[in-house]
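I opened this entry to keep a record of what I looked up, going from the overall fold to single contacts.

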Amino acid sequence: QHLQDPSRAWVECCWWLDEAGVQFRIVGRVVLAAECSDDDALRRLRERIWQRLSPGTRATFAWPAPGVPRAAASTQDANVREV
């Protein structure tokens, strides 16, 4: 719900590259580019970015929550659709 309030739409993304021993952090304002977005340009940008992703990367969006066995998601991976 916080994404619907522009004054609260700030996030921090952090990830660790173990082999390199490097941590990345990105902080910024969130703009949600959903399929139902009112902004046509934002929807088109979303579709272009999705199409540029490899099938393997797209499949990661359907993976189970952390702690859930990956095998349980095999049918979900097949459900990642083209935009």
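**Fold and ground rules**

I read the order of elements from the N terminus as β-β-α-α-α, that is, three helices and two strands; helices (H or I, at least four residues) and strands (E, at least two) are DSSP runs, numbered from the N terminus. I note that this is a predicted model, in which local features need pLDDT of at least 70 and side-chain atom pairs count only at pLDDT 80 or more, while totals for chains, interfaces and linings use all residues. Residues are numbered from 1 along each chain as its sequence is written, and side-chain values use heavy atoms, with hydrogens and water left out. I then looked up burial and found that buried residues make up 8% of the 83 residues, where buried means under 20% relative accessible area, exposed over 50%, and partly exposed in between (1.4 Å probe, protein chains only).

**The hairpin**

I checked how E1 and E2 pair, and they do so in the antiparallel sense over eight bridges; two strands pair if DSSP finds at least two bridges between them. Four residues lie between the strands of this hairpin, and Gly21 takes a positive phi near 65° there.

Which residues make the nonpolar surface patch? I listed Trp15, Leu17, Val22, Phe24 and Ile26, with an area of about 420 Å². Patches here are made of residues with over 30% relative accessible area and no salt bridge, with like charges joined within 9 Å and nonpolar side chains (Val, Leu, Ile, Met, Phe, Trp, Tyr) within 5 Å; the accessible areas come from the Shrake-Rupley method with a 1.4 Å probe, and for residues only the protein chains shown count as cover. Strands E1 (10–17) and E2 (22–29) each supply at least two residues of the patch, and E2 gives the most, with three. Phe24, which lies in E2, is partly exposed at a relative accessible area of 37%.

**Salt bridges**

I found two salt bridges in the structure, each being a side-chain nitrogen of Lys or Arg within 4 Å of a carboxyl oxygen of Asp or Glu. In one, the side chains of Glu12 and Arg25 meet at 2.6 Å, N to O; Glu12 lies in E1 and Arg25 in E2, so this pair ties together parts that are 13 residues apart in sequence. Glu12 is partly exposed, with a relative accessible area of 47%. Asp40 and Arg43 also meet in a salt bridge, at 2.3 Å, N to O, and, being three residues apart in helix H1, they are separated by about one helical turn. I noted both as partly exposed, Asp40 at 41% relative accessibility and Arg43 at 23%.

Is Arg58 buried or exposed? I found Arg58, in helix H2 (residues 55–60), to be buried at 10% relative accessibility. A polar atom of the Arg58 side chain lies 3.2 Å from the backbone oxygen of Trp50, and the side chain of Arg58 also reaches the backbone oxygen of Gln51 at 3.4 Å.

Terms used
A polar contact is a pair of N or O atoms within 3.5 Å; within protein, one must be able to donate a hydrogen and the other to accept it, and residues adjacent in sequence count only if both atoms are side-chain atoms.
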